[in-house]
Amino acid sequence: DRDQVIEGWNQKFTTPEVSSLIREIDEYFREVEFTETKFATCIGRIRVLLVEVAKKIALDLAKEDSKTSLSGSSEEAAFAQHLHNRKFISVDEWQIFKSLYNLSSQEGAHAHASKREYARLLKNMAYELILLFLNRHQS
């Protein structure tokens, strides 16, 4: 899925942020030790990845809508909200996005027994959601 996300992103967008974030996130799983700090940084990067994807797609869609006030400096939540308002994502997909965003928060995340598996689960869910968004945006 990682390679599909990178390939799909690079086909649609010329900005390297998402591909760089994915490579950075995957690098944490190659390391033997997965400390509290690495865990917190990893899930923080997953959260940034979700925001970056929603932002780029929302801004791309906003180009077609002269009524939108969405800009690159809008609040993070505004990008997913715009995708929902434009019916790019369904209510259920919007809820999944918001939940995944909240799960990738560093607050309270240290209580999980297996930090590596928790982070891996977040990463994989994020990749799947991004693939859904990319496939929908390309069609």
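## Helix α2

In α2, the residues Val18, Ser19, Leu21, Ile22, Ile25, Asp26, Tyr28 and Phe29 are buried (buried means under 20% relative accessible area, exposed over 50%, and partly exposed in between, with a 1.4 Å probe and protein chains only). The cover over the buried residues of α2 includes α1 (2-12), α3 and α6. Helices here are DSSP runs of H or I with at least four residues, numbered from the N terminus.

Helix α2 spans residues 17-30, which is 14 residues, and reaches 20 Å from its first C-alpha to its last. This is close to the 20 Å expected at 1.5 Å a residue, the expected span being 1.5 Å times one less than the number of residues.

## Basis of the model

This is a predicted model, in which local features need pLDDT of at least 70 and side-chain atom pairs count only at pLDDT 80 or more, while totals for chains, interfaces and linings use all residues. Residues are numbered from 1 along each chain as its sequence is written, and side-chain values use heavy atoms, with hydrogens and water left out.

## Nonpolar core

The largest nonpolar core has 42 residues; such a core is a set of buried Ala, Val, Leu, Ile, Met, Phe, Trp, Tyr and Cys residues joined through side-chain atoms within 4.5 Å. Cys42, Leu49, Val53, Ile57, Leu83 and Phe133 have the most contacts inside this core. Two or more residues are given to this core by each of α1, α2, α3, α4, α5 and α6, and its largest share, 12 residues, comes from α3.

Apart from neighbours within four places in sequence, Val53 is in contact with Trp9, Val18, Ile130 and Phe133 (contact means heavy atoms within 4.5 Å).

## Helix α4

Helix α4 covers residues 76-85, and Phe79, Ala80, His82, Leu83 and His84 are buried in this helix. The buried residues of α4 pack against α3 (36-62), α5 (91-103) and α6. After α4 comes Lys87, with a positive phi near 65 degrees.

Lys123 lies in helix α6 and counts as buried because its relative accessible area is 10%. Neighbours within four places in sequence aside, Lys123 is in contact with Ile25, Asp26, Phe29 and Ile46.

Leu121 is also placed in helix α6 (residues 115-138). Leu121 counts as partly exposed because its relative accessibility is 49%. Together with Leu103 and Met125, Leu121 forms a nonpolar patch on the surface, with about 250 Å² of accessible area together.

How values were computed
Patches are made of residues with over 30% relative accessible area and no salt bridge: like charges are joined within 9 Å, nonpolar side chains (Val, Leu, Ile, Met, Phe, Trp, Tyr) within 5 Å. Accessible areas come from the Shrake-Rupley method with a 1.4 Å probe; for residues, only the protein chains shown count as cover. A salt bridge is a side-chain nitrogen of Lys or Arg within 4 Å of a carboxyl oxygen of Asp or Glu.
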